[in-house]
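Hello,

Here is the structure I said I would pass on. Please open it first, then read the notes below.

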Amino acid sequence: MRGDGMAGRLTWGAEDQALDNPDAHAACEAARLRVEPGRAVRERREALGTSQAGLARAAGPQQPAVARFEAGGTMPPPLPDRPATALGARLRVGFEPLDRAG
């Protein structure tokens, strides 16, 4: 991969080549798995008008842990059904066929 001279940034078109690399693809997938559950929790929490502190009080973790989880900085908690219950929701886990994934 060639950089454009700016701190290792990729040139236009190089992103596609980088994602063709199996290691890069695996890293992107791992990042997606860290980010999506937190995003779903944040969206539900905001839809309910609940603060991170309010969710923390209802679900058990401290507010900074909720913030890290929502930001994708941590893996899901060991008991992900607790935040779901606190949000008045049911945890649903499933698989989406890759040919339908967007």
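**A buried charged pair**

E70 and R45 are both buried. This is a predicted model. The two side chains form a salt bridge, with their closest N and O atoms 2.6 Å apart. The pair links distant parts of the chain: E70 sits in helix 4 and R45 in helix 2, 25 residues apart. R45 counts as buried because its relative accessible area is 8%, and the cut-off is under 20%.

**The rest of the network**

How many salt bridges does a search of the whole structure find? Three. R45 also pairs with E46, where the closest N and O atoms are 4.0 Å apart. E46 in turn meets R42 in a salt bridge, at 4.0 Å from N to O. R42 and E46 both belong to helix 2 (residues 22-47) and lie four residues apart, about one turn of the helix. R42 is partly exposed, at 28% relative accessibility. E46 is partly exposed too, at 48%. Through shared partners, the salt bridges join R42, R45, E46 and E70 into one network.

**The nonpolar core**

Now look at the largest nonpolar core. Its seven residues are V41, L55, A56, A59, V66, F69 and L87. Helix 3 and helix 4 (63-70) are the elements that give two or more residues to this core. Helix 3 gives the most, with three.

**Helix 3 and its end**

Which residues of helix 3 (residues 52-59) are buried? They are Q52, G54, L55, A56 and A59. Just after this helix, G60 takes a positive phi of about 115 degrees.

Best wishes

Technical notes
Residues are numbered from 1 along each chain as its sequence is written. This is a predicted model: local features need pLDDT of at least 70, side-chain atom pairs count only at pLDDT 80 or more; totals for chains, interfaces and linings use all residues. Side-chain values use heavy atoms; hydrogens and water are left out. Buried means under 20% relative accessible area, exposed over 50%, partly exposed in between (1.4 Å probe, protein chains only). A nonpolar core is a set of buried Ala, Val, Leu, Ile, Met, Phe, Trp, Tyr and Cys residues joined through side-chain atoms within 4.5 Å.
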